[in-house]
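Dear colleague,

I am handing over the structure we spoke about, and it is shown directly below. After it you will find an account of what came out of the analysis, arranged from the whole chain down to single residues.

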Amino acid sequence: MTRYGMAIDLNRCVGCQACATACKIANNLPKAITYNTVYTKTDTDPDTFGTAVVHGAIANDSAGGEWPNCTLSFLPVQCQHCDNPSCLAVCPTGATKKREDGIVWVDNSLCIGCRACIMACPYDNVRSFVEGEPEYYLDVVVGEADAPTHEAGTVEKCTFCHNLIDRGEVPACSCVWRAPASGAISTTPSPTSARPSKAARIASCVRARVRPRTSSTWSNHDVYPLMSQGPFAGPAVFADA
Ligand code: SF4
Ligand code: SF4
Ligand code: SF4
């Protein structure tokens with residue numbers, strides 16, 4: 001059985017927000033809902049994640065620091081499609097489901113909006129509660145015809161674009177800077193010379209607990225060595241046969 005993972009090479013991310021925008025359009029997401037957040041970081045503090053346009057920040061803040069020691073980096077974050085998802089364990093109705101290929105999704109016809117999954121998920125802002133009737137930027141439905149529906153009082157999150165995966169395509173957020181690619185996922189950590197940042201250490205603990213199948217090359221490049229190869233930014237999808 002093919003199992004999917006997603007790789008995001010932070011060294012190549014330019015913060016263009018194309019992945020977040022493509023996700024919003026492909027899934028006809030309401031104004032208040034986002035499945036994919038690109039954080040902008042303008043300092044070198046390893047304990048913070050920076051700001052995000054979808055959370056009200058000014059688009060792509062100017063670089064921090066003083067010339068010539070300026071810094072600007074970006075971190076796209078979406079559901080990690082954990083192998084051992086906390087959200088699945090707490091869902092009282094079976095609305096949160098996990099497919100054999102590893103994709104975690106929500107059947108909103110079964111969701112009662114209890115938000116236990118949001119509380120249980122170790123990642124911030126990857127699940128969204130649809131508060132009231134959804135409002136849209138446009139009067140017309142956009143995106144894929146088989147995109148998820150959006151119902152008041154339910155919880156949503158990244159679907160790994162399983163509608164696209166199921167017809168042999170790649171997720172809408174696959175990065176504009178490279179062609180889609182697939183390959184074997186390696187979970188063998190590579191040696192690191194520097195002590196990981198606090199954020200990396202927290203991420204490692206979270207990874208050990210829920211074993212995410214989406215990974216960003218944070219400062220220690222320690223999860224999927226394949227990700228740091230090739231001329232790509234991210235997100236890109238990998239599958240093991
Ligand atoms: S990142 Fe959160 S919402 Fe996504 S599968 Fe893991 S626990 Fe569930
Ligand atoms: S909000 Fe919906 S998906 Fe989340 S735990 Fe409750 S019933 Fe399950
Ligand atoms: S995989 Fe699909 S649903 Fe998930 S963030 Fe990317 S575009 Fe959005």
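The protein chain has five helices and twelve strands, where helices (H or I, at least four residues) and strands (E, at least two) are DSSP runs numbered from the N terminus. Please keep in mind that this is a predicted model, in which local features need pLDDT of at least 70 and side-chain atom pairs count only at pLDDT 80 or more, while totals for chains, interfaces and linings use all residues. Residues are numbered from 1 along each chain as its sequence is written, chains are lettered from A and ligands numbered from 1 in the order in which they are written, and side-chain values use heavy atoms, with hydrogens and water left out.

Of the 241 residues of the protein chain, 44% count as buried; buried means under 20% relative accessible area, exposed over 50%, and partly exposed in between, with a 1.4 Å probe and protein chains only. Among the contacts in the protein chain with a separation of 6 or more, 69% are made by residues 24 or more positions apart, a contact being heavy atoms within 4.5 Å.

Cavities and ligands

The structure holds four cavities of 30 Å³ or more, and the largest cavity contains about 100 Å³ of space. On a 1 Å grid over the protein atoms alone, a cavity is a set of points where a 1.4 Å probe fits but cannot get out, and lining residues have an atom within 4 Å of a point; grid points are joined across faces, edges and corners, and a volume is the space filled by probe spheres set on the points. The largest cavity is lined by 14 residues, of which Cys79, Cys82, Pro85, Cys87 and Cys121 are the closest to its centre. By class, its lining has nine nonpolar, three polar and two charged residues, where Ala, Val, Leu, Ile, Met, Phe, Trp, Tyr, Cys and Pro count as nonpolar, Asp, Glu, Lys and Arg as charged, and the others, Gly among them, as polar.

Which ligand takes the space of the largest cavity? Ligand 1 does, on the criterion that more than half of a molecule's atoms lie within 2 Å of the grid points. Around ligand 1 there are 13 residues, and Cys79, Cys82, Cys87, Cys121 and Arg127 come nearest; a residue is near a molecule if one of its heavy atoms lies within 4 Å of it. The shell around ligand 1 has eight nonpolar, three polar and two charged residues.

Ligand 2 is surrounded by residues including Cys91, Cys111, Cys114, Arg115 and Cys117, and its shell divides into eight nonpolar residues, three polar and one charged.

The loop between H1 and S2 holds Asn27, a residue that is buried with a relative accessible area of 2%. Leaving aside neighbours within four places in sequence, Asn27 is in contact with Tyr35, Ala147, Pro148, His150, Thr159 and Cys161. Asn28 lies in that loop between H1 and S2 as well; its phi is near 45 degrees, a positive value in a residue other than glycine, and Asn28 is buried, with a relative accessible area of 12%.

Phe74, in strand S6, counts as buried at 9% relative accessibility. Not counting residues up to four places away in sequence, Phe74 touches Leu10, Cys13, Val14, Gly15, Val38, Tyr39, Thr40 and Asn60; Asn60 is 14 residues from Phe74 in sequence and 8.9 Å away in space, C-alpha to C-alpha.

In the loop between S6 and helix H2 (86-90) sits His81, which has a positive phi of about 45 degrees although it is not a glycine, and which counts as buried at 1% relative accessibility. Finally, the peptide bond from Trp67 to Pro68 is cis, with omega near 10 degrees, and Pro68 is placed in the loop between strand S4 (64-66) and strand S5 (69-71).

With best regards

Conventions. On a 1 Å grid over the protein atoms alone, a cavity is a set of points where a 1.4 Å probe fits but cannot get out, and a pocket is an open set with protein on both sides within 12 Å along at least five of seven lines; lining residues have an atom within 4 Å of a point.
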